[in-house]
Amino acid sequence: MTSLTTPANKSLTTTRRNFLKATSMGTGGLMMSIALPGCTTLKNGGISQAGNTEQWNSNAWLRIDSDNSIHFVLDRVEMGQGTYTGMTSLLAEELEVDPEKVQVSFAGVDSIYRNTIYGIQITGGSTSVASSWQIVREAGAATRIMLIKAAANTWNINEKDCIAENGRVINKASGHKNYDQQIPFGQLAAIAATYSVPSDIPLKDKADFKIIGKYNKRLDALKKATGTADYGIDTELPGMKYAVFTRAGRWDSQIKTFDASKIKNMPGIEQVFAVKTASAMGIAIVAKSYWQARKAQQQLTVKWHESELNNVDDASIFAQYKSDLAADSGKNVRSEGDFDDALENAIQTITAEFEMPFLAHSTLEPQNCVAWAKPDGLEIWAPTQSPDMAQVAAAKATDYALSDVKINTTFIGGGFGRRINQDFVAEAAAISEISQQPIKLIWSREEDTQRDWYRPSSYHKLSATIDKNGDISGWNHQMAGSGVFDYFVADAAPAQYPFMPKFMFGLLENAGKMGEGIIAPADGSIYEGAEAIPYDFANINVDYKKSDSGILVGNWRSVGYSHNGFITETFIDQLAQLPSIRAQKKDSYQFRYDLLKNHPRAQAVLKLAAEKANWGTPLAGCTQGISIHKSFGTWVAEVADVKIENNTIKVKRVVCAVDCGQVINPDMVIAQMEGGINFALTAALYGEITIKEGIPQQTNFHDYQLLRMNEAPQIDVHIIDSDEKPTGVGEPGVPPLAAAVANAISAKTGQRFYKLPLKLDA
Amino acid sequence: MIKLTVNGIEHSLDVEGDTPLLWVVRDYLDLKGSKFGCGAGLCGACTMHLNGNPIRTCITPVSAVAGQAITTIEGIGTPDSLSTVQQAWVEHNVPQCGYCQSGQIMSATALLATNSKPSDQDIDNAMSGNICRCGTYPRIKAAIHTAASNLSTTSNAKNELFTNIMEVK
């Protein structure tokens, strides 16, 4: 699931087919790995051997052992979005095995596991299936072909008379279900490993799929229903101690003095010391147990220097956004026709200003990390969305070389983009290095809420022009806010060049910042979704002015789409209510539908959502709102049935239609839409981090509320049947929701919403 | 020394009395299924049963429950021996990130132990103390209804809800 700006100029396809490599193992097994020609790996210290175009990596993807066990290294993390099941299903489909028989483990850091879209090893941007759709299937198919060949040679028959099925090869010539003539994969692995990988790897046609589009189980459900899935916070090491870390309210504050005299003799306390990382300075307390460390923290006093953020609050931040945008409209990210011309000829112009708040991720598993600084290396266990960025962060925070840092990943208790920033890894690494023992750092909920990398707040100014026919002739959207790229490039840039020495990291960070949009993907974290406004207007202008608030910001499930879905879809709804549009006998559904004439997939999604929601016939006591938004390649339309009870917003039902191309696991798509809708409803009803004197004001779930079961609507999800290549599902359910709810309220009361969370007029 | 009976097994522990039960169970007994979410009794990730009632163990000092019967997710069932509630959870593919689900299952089990045919309203009332950030609420509700319909109406129901508790002496 989660959250990165998708670079528009990167193709989803890969051409790694020729780099599959089979290796035999001493134990009689087969290993399929992937080699990148001329590439460097961490394992050899990043030295590219001259003349050697291939470096085989032993840490690869698929292994079949002689005992028939099948091992698959998952190179994308599992944080709820379903990669564990989805990626395994892709493999199992082509390999012809039961997905439940595949033993899945999480990948360490290696360049072979890089996300082909971003060039770093990251799980984000709803890209896992899209970026692996081809290569994982090819690995499975190539292996199957080689196993069949091994069986055919064993039986001395033609390969055409063999089929692979359920983890074995069957001699079809001897009669399909003749169990005398079958060999389990494990017994063929040693022979197959001696063959070279076929150059032609045909993949199954859709008609032949047994798993893709049909499989409806969730492979990690059993572990997660029994408390046996290991998350980062569950990591245990011999002799491990527990650490808590006291940070300043303002993230950039430096320590003036601290007094630990009251806690040094408290039970279990071992060490108290100051630590500085790239994004935090603070005091670490190391104790025998978590509670001892946490209790001692209350007796610690720290005095902080003032910082540049001392005078920063929401009012000053929005004043800055507005004045920066007024002075300079910034970068033009969409220009069609001539909006100024439309403005000149308009008979009416509608304008609106939107202010979007900072939002916390609130992963239910608080940030945590286990680090073990040993003489010969630093080992990390972390629930991270980007293992190679974690490696960079740990190396930067310590004296260890990048190649001496080993990252282990775990199940993740919610990511939503929070764990793309690696501050918790840097802290744990530094604390363990100073403490000289293995430590587990656990953040409190308060620390997690107040020291987040928030969805950036942003300011937006929209204008629409009406021409003499009463139609919308022009659309202008200008906006300002921090870009999130600046806040993770420090770890991301060196992760792309692991062979560079540490003293070059700063240079790489600066090169990354300067190369944003040139050598690095453009940072669309404020404007994405706005620049892609799909409606057929003759004159469109979209500008983005970067205006940095100084507050830490990051990727938040659906990133820029999260606010632009709301802004564009409430503003379009407002336009649909104009007398000139009403005079054309178009409601807010038909208005959208007609303007989407260049996007047939969007029209189909909008229509399906409206039909399934009985658009025009709300549930008892409700009004309806509709919204559609495309993100991460996926169209999602949502219709909300909303009631107002005791001046409170009650969302009774959300009907969702989604087109994400070829579906791998239909139930997983439904689950991600359900989850995205409830995640977005939390933001729509409650989400707001406020800043006072540079300090985030919310602390825990009493003042940063999350949706609870009694507030959760009925959700109906409908999937468009499609043969198009798969696109994201983890995030696209989020962007349309707030607008659908707001539009439903507007239909009832006439109130329009220009801020979130939604607050009813008194 | 503090005595605790967890999943039917008695333990004597040398631990400070104000330590929350959650950390005692996780770090002294090494039962990691119960989770830390908020430390303030607001999210329910740490839910266990105290004498059959769901409690928030992140704010429950261990001294307050000394000598009493504690049940954790590990006492509800194991991958090889699922309780009726856990079976329903798997059947409905309830978990996403899964971090809250131990607590959800503890609350759901406590509900079904006292109300074998809960209405939607009963479920809302019993479950609204448990936050799921991934938003799996529709499936949790459906899974509770499924578990209720699968539960025996006989006295056997208790064994179906708790498959892994040692007989208390």
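A residue is buried if 20 or more other C-beta atoms lie within 10 Å of its own, exposed if 12 or fewer, and partly exposed in between, with C-beta atoms placed from the backbone. Keep that cut-off at hand for the tour.

This is a predicted model: local features need pLDDT of at least 70, side-chain atom pairs count only at pLDDT 80 or more, and totals for chains, interfaces and linings use all residues. Residues are numbered from 1 along each chain as its sequence is written, while chains are lettered from A and ligands numbered from 1 in the order in which they are written.

**Stop 1: chain A**

Select chain A. Its secondary structure comes to 18 helices and 28 strands; helices (H or I, at least four residues) and strands (E, at least two) are DSSP runs, numbered from the N terminus. The radius of gyration of chain A is 27 Å, close to the 27 Å of the globule rule for 762 residues, so chain A is as compact as a globular protein of that length. The radius is taken over C-alpha atoms, and the rule is 2.2 Å times the number of residues to the power 0.38. Along its principal axes the C-alpha trace spans about 80 × 75 × 50 Å. Buried residues make up 57% of the chain.

**Stop 2: H11 of chain A**

Select residues 489-496 of chain A. This is helix H11, and eight of its eight residues are buried. They are Val489(A), Ala490(A), Asp491(A), Ala492(A), Ala493(A), Pro494(A), Ala495(A) and Gln496(A). Contact here means C-beta atoms, placed from the backbone, within 7 Å.

**Stop 3: H17 against H18**

Now show residues 737-749 of chain A, helix H18, together with H17(A). The two pack at an angle of about 55°, with their axes 8 Å apart. Axes are lines fitted to C-alpha atoms, for helices over the stretch in contact, and angles run from 0 to 180 degrees between N-to-C directions. That angle makes H17(A) oblique to H18(A). Angles under 35 degrees count as roughly parallel, over 145 as roughly antiparallel, 65 to 115 as roughly perpendicular and the rest as oblique.

Display the side chains. Ile677(A), Ala680(A), Leu681(A), Ala683(A) and Ala684(A) of H17(A) meet Leu737(A), Ala738(A) and Val741(A) of H18(A). The contact has eight nonpolar, no polar and no charged residues. Ala, Val, Leu, Ile, Met, Phe, Trp, Tyr, Cys and Pro count as nonpolar, Asp, Glu, Lys and Arg as charged, and the others, Gly among them, as polar.

**Stop 4: the interface**

Bring in chain B. The contact takes 47 residues from chain A and 45 from chain B. On the chain A side, H4 (221-225), H5 (290-297) and H17 (666-685) give two or more residues. H17(A) brings the largest share, seven residues. That side divides into 23 nonpolar, 15 polar and nine charged residues.

**Stop 5: chain B**

Chain B has seven helices and five strands, in the order β-β-α-β-β-β-α-α-α-α-α-α. Its C-alpha trace spans about 45 × 35 × 25 Å along the principal axes.

Finish on residues 84-91 and 101-114 of chain B, helices H3 and H4. Their axes come within 10 Å and cross at roughly 130°. Val85(B), Gln86(B) and Trp89(B) of H3(B) make the contact with Gln101(B), Ile105(B), Ala108(B), Thr109(B) and Leu112(B) of H4(B). By class, that is five nonpolar, three polar and no charged residues.

Terms used
Two residues are in contact if their C-beta atoms, placed from the backbone, lie within 7 Å.
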